[in-house]
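Here are some notes to read beside the structure.

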Amino acid sequence: MSSSKIRNGDEVMVVSGKDRGRRGTVTRVLDNGKVVVEGINMVKKHVRPDPNAGVQGGIEEREMPLHVSNVMLYNPQTEKGERVGFKWLGEGEDRRKVRVFKSSGEVVDA
């Protein structure tokens, strides 16, 4: 189990940049502290044709990574992006580390 604050499949809200205020789902978490969010940070990329790989070439739109500090986990109860912390639940062998919203202490992971 990964102990990062933002994970694949999380719904996040963009806090800064050209897409500030928009929501999307995390499709990838990169090793360099960046995340790719579905439909967010779209750029036009000029692609050179490569017949060997079957690439036609031209201008394509693709999602580019955002730094993880520019997104916050979305809380459906408050309908805002919120900070996330960690808490240990249970005793003994049943003990596990879960993510919680800082404002309410509510557990993020089911």
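1. The model is predicted. The salt-bridge count comes to five. Three of these pairs are taken up below, among them Asp10 with Arg99.

2. Asp10 and Arg99 form a salt bridge, with the closest N and O atoms 2.7 Å apart. Asp10 sits in the segment before S1 and Arg99 in strand S10 (residues 96-101), so the pair ties together parts that are 89 residues apart in sequence. Asp10 counts as buried, at 11% relative accessibility. Arg99 is buried too, with a relative accessible area of 3%.

3. Asp19 pairs with Arg22 in a salt bridge; the closest N and O atoms are 3.2 Å apart. Asp19 is buried at 12% relative accessibility, whereas Arg22 is partly exposed at 41%.

4. Glu60 and Arg62 also form a salt bridge, their closest N and O atoms being 2.5 Å apart. Arg62 is partly exposed, at 32%. Glu60 is partly exposed as well, at 35%.

5. The largest nonpolar core has 12 residues, including Ile6, Val12, Val26, Leu73 and Phe101. Strands S1 (11-14), S3 (34-37) and S7 (71-75) each give two or more residues to this core. Leaving aside residues up to four places away in sequence, Val26 touches Ile6, Val12, Val35 and Val37, among others. Asp10 is also one of the contacts of Val26.

6. Asn75 is in strand S7. At 1% relative accessibility, Asn75 is buried. A polar atom of the Asn75 side chain lies 3.1 Å from the backbone nitrogen of Gln77. Beyond four places in sequence, Asn75 touches Lys80, Glu82, Phe101 and Glu106. Of these, Phe101 is one of the core residues.

How values were computed: Residues numbered from 1 in each chain as written. Predicted model: local features only at pLDDT ≥ 70, side-chain atom pairs only at ≥ 80, totals over all residues. Heavy atoms only, no water. Core = buried A, V, L, I, M, F, W, Y, C linked by side-chain atoms within 4.5 Å. Buried < 20%, exposed > 50% of the residue type's maximum accessible area, 1.4 Å probe, protein only. Helix = DSSP H or I, 4+ residues; strand = E, 2+ residues; numbered from the N terminus. Contact = heavy atoms within 4.5 Å. Polar contact = N/O pair within 3.5 Å; in protein donor to acceptor, adjacent residues only side chain to side chain. Salt bridge = Lys/Arg side-chain N within 4 Å of Asp/Glu carboxyl O.
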